[in-house]
Amino acid sequence: LPGQRRVHTAKESARRRRLLLDVVSAIDAESVEFTLRRPPGLHPIEARQVLLDAASRRVIERGVVMWQLDQQEAHQAVRDRNVIETRIRAANRPIVYDHVSSPGEPFLWAIDAVLWAVGSGGDWPRRIEHRLTNVPLRP
């Protein structure tokens, strides 16, 4: 919309959410949802590392050459890089990756829409389910 720097699905009207999800569902891309039930004793940082390691493996398996993640706080970005670089080195694959600001990368808006739909429940996930694969993980 005029003056809007980025699309954040949670802050949009229901009508606009439907429009956004229709656009996202028409994109020829795969969405992978990694889920992890965090057991007692597993710190949220460790849980994020398990999820990011699984995502890194998937990126490598799919032959991705460039990967952009949503901007994080500096200390979180460093932890993310450690997980990603360890996996990339082990695979001996050249992958360019970085954390980028979502206003500067519209494709991150699509990811936001998918995550919002999955997390919101109701009829929302149905709009993107044909583009979504769920991968349950265990720590």
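The legends below describe close-up views of a predicted model.

**View 1. The largest pocket and the elements that line it.**
In this predicted model, the largest pocket has a volume of about 1400 Å³, and its lining is made up of 36 residues. Those that lie nearest the centre of the largest pocket are V32, A55, W67, Q68 and I111. Strand 1 (31-36), helix 2 (44-61), strand 2 (66-70) and helix 4 (107-120) are the elements that each give two or more residues to this lining. Among these contributions, the largest share of the lining comes from helix 4, with 8 residues. Sorted by class, the lining of the largest pocket holds 21 nonpolar residues, together with 11 charged and 4 polar ones.

**View 2. W67, a residue of the pocket lining, and its surroundings.**
W67 belongs to strand 2 and is one of the residues that lie nearest the centre of the largest pocket. Its relative accessibility is 15%, so W67 counts as buried, the limit for that class being under 20%. Leaving aside residues up to four places away in sequence, W67 touches L52, A55, S56 and V59, and also I84, I95, V96, Y97 and D98. A55, one of these contacts of W67, is likewise listed with the residues nearest the centre of the largest pocket. W67 and H99 are 32 residues apart along the chain, while their C-alpha atoms are separated by 8.7 Å.

**View 3. V50 in helix 2.**
V50 is found in helix 2, an element that also gives two or more residues to the lining of the largest pocket. With a relative accessible area of 24%, V50 is partly exposed. When residues up to four places away in sequence are not counted, the contacts of V50 are L36, L137, R138 and P139. V50 and R18 are 32 residues apart in sequence, and the distance between their C-alpha atoms is 32 Å.

R62 is placed in the loop between helix 2 and strand 2, so its pairing with E30 ties together parts that are 32 residues apart in sequence. As for accessibility, E30 counts as partly exposed at 41% and R62 counts as partly exposed at 48%, whereas R58, at 18%, counts as buried. Through shared partners, the salt bridges join E30, R58 and R62 into one network.

**View 4. The salt bridge between D53 and R87.**
The side chains of D53 and R87 meet in a salt bridge whose N to O distance is 2.9 Å.

**View 5. The aromatic pair of W116 and W124.**
How many aromatic pairs does a search of the whole structure find? The search finds 1 aromatic pair. The ring centres of W116 and W124 are 5.0 Å apart and the ring planes stand at 70°, so the pair is edge-to-face; the assignment follows because planes over 60 degrees apart are placed in that class. W116 is buried, and W124 is buried as well.

**View 6. N92 and its backbone angle.**
N92 is located in the loop between helix 3 and strand 3 (96-100). Although N92 is not a glycine, it has a positive phi of about 55°.

Note on methods. Residues numbered from 1 in each chain as written. Predicted model: local features only at pLDDT ≥ 70, side-chain atom pairs only at ≥ 80, totals over all residues. Heavy atoms only, no water. Phe/Tyr/Trp six-rings, centres within 6.5 Å; stacked < 30°, edge-to-face > 60°. Buried < 20%, exposed > 50% of the residue type's maximum accessible area, 1.4 Å probe, protein only. 1 Å grid on protein atoms, 1.4 Å probe; cavity = no way out; pocket = protein on both sides within 12 Å on 5 of 7 lines; lining within 4 Å. Points joined across faces, edges and corners; volume = space filled by probe spheres on them. Helix = DSSP H or I, 4+ residues; strand = E, 2+ residues; numbered from the N terminus. Nonpolar A, V, L, I, M, F, W, Y, C, P; charged D, E, K, R; others polar. Contact = heavy atoms within 4.5 Å. Salt bridge = Lys/Arg side-chain N within 4 Å of Asp/Glu carboxyl O.
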